[in-house]
Amino acid sequence: MRLAKSRTYDAAHGMRGNLRILTVQGCLETAVACITAFTKRYPDIKIEADVVTGAGQMASINRRDADIFISTLPLIDAFPQLEKRVLQRKQFSLLLPSTWDCQVDTKDFSFLKGVPLICERDTEAPYLVNLFFEICQNRGLYPENVYWCNSAISQLLMLKCGLGFSLSPSPSTDIFTDDLRVIPLEGYDALSEDALGWLHKTSN
């Protein structure tokens, strides 16, 4: 009932339609830039935007209940029914609690041996978790002690509590990482690409 009233209000005030956009925490900066640009160009289109897990995005793609998906390129590539466009390329960063004053070597993670890796469960962010482990292994670290969590927000909470280290594809301007040590990584394996995906056939 409330949704119907909202749609009636939108139509009465000149709104031509609406778009539902889903993004993930790691692509938040890219999503903000895209949505801001879109609303300036199309002010008569109402935007409904949500931040979900990678698994949540995958489920939504299969249900076809959103219009646009902003995510990591491997996730978008996993669905051939999506049209796609690469939006931004960026490097992963190593995230450490601000209280840790250890000497950091971005090419050799052996200094992190025995330190818990904090990351989302692979059921929630499968492509991101695979990248985490690949980046660590390419730098001589094979994480065995892993603290799993259900969301990127939980990951940051555990980091701020000093429970371990983590990685992020987009932490440089993230308001949640302002009191963490953020160390950019080099190398092709630490490259992350944000992409926009949309369904071939959609009524919107």
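How many helices and strands does the protein chain have?

1. The protein chain has 6 helices and 10 strands; helices (H or I, at least four residues) and strands (E, at least two) are DSSP runs, numbered from the N terminus. This is a predicted model, in which local features need pLDDT of at least 70 and side-chain atom pairs count only at pLDDT 80 or more, while totals for chains, interfaces and linings use all residues. Residues are numbered from 1 along each chain as its sequence is written, and side-chain values use heavy atoms, with hydrogens and water left out.

2. Of the 204 residues in the protein chain, 41% are buried (under 20% relative accessible area, with exposed over 50% and partly exposed in between; 1.4 Å probe, protein chains only). Among contacts (heavy atoms within 4.5 Å) between residues at least 6 apart in sequence, 78% join residues at least 24 apart.

3. An open sheet is formed by 5 strands in the order β2-β1-β3-β10-β4, with mixed pairing; two strands pair if DSSP finds at least two bridges between them. Its edge strands, each pairing on one side only, are β2 (45-51) and β4 (82-91). On average, neighbouring strands of the sheet are turned by 20 degrees against each other, direction ignored.

4. Strands β1 (residues 17-23) and β2 run parallel and are joined by 7 bridges. The bridge partner of L19 in β2 is I47. Helix α2 (residues 28-41) packs on the sheet, where it touches β1, β2, β3 (68-72), β4 and β10 (191-199), and its direction makes about 175 degrees with that of β2. Axes are lines fitted to C-alpha atoms, for helices over the stretch in contact, and angles run from 0 to 180 degrees between N-to-C directions. Helix α3 (residues 54-63) lies across β1, β3 and β4, at about 145 degrees to β3.

5. The largest nonpolar core has 22 residues, and those with the most contacts inside it include F92, F109 and L185. Such a core is a set of buried Ala, Val, Leu, Ile, Met, Phe, Trp, Tyr and Cys residues joined through side-chain atoms within 4.5 Å. At least two residues of this core come from each of β5 (93-97), β6 (117-120) and α5 (126-138). Helix α5 gives the most, with 7 residues. Apart from this core lies another, of 11 residues, among them I61 and L199.

6. V182 is placed in strand β9 (residues 180-184). V182 counts as partly exposed because its relative accessibility is 31%. Although 88 residues separate V182 and L94 in sequence, their C-alpha atoms are 5.9 Å apart in space.
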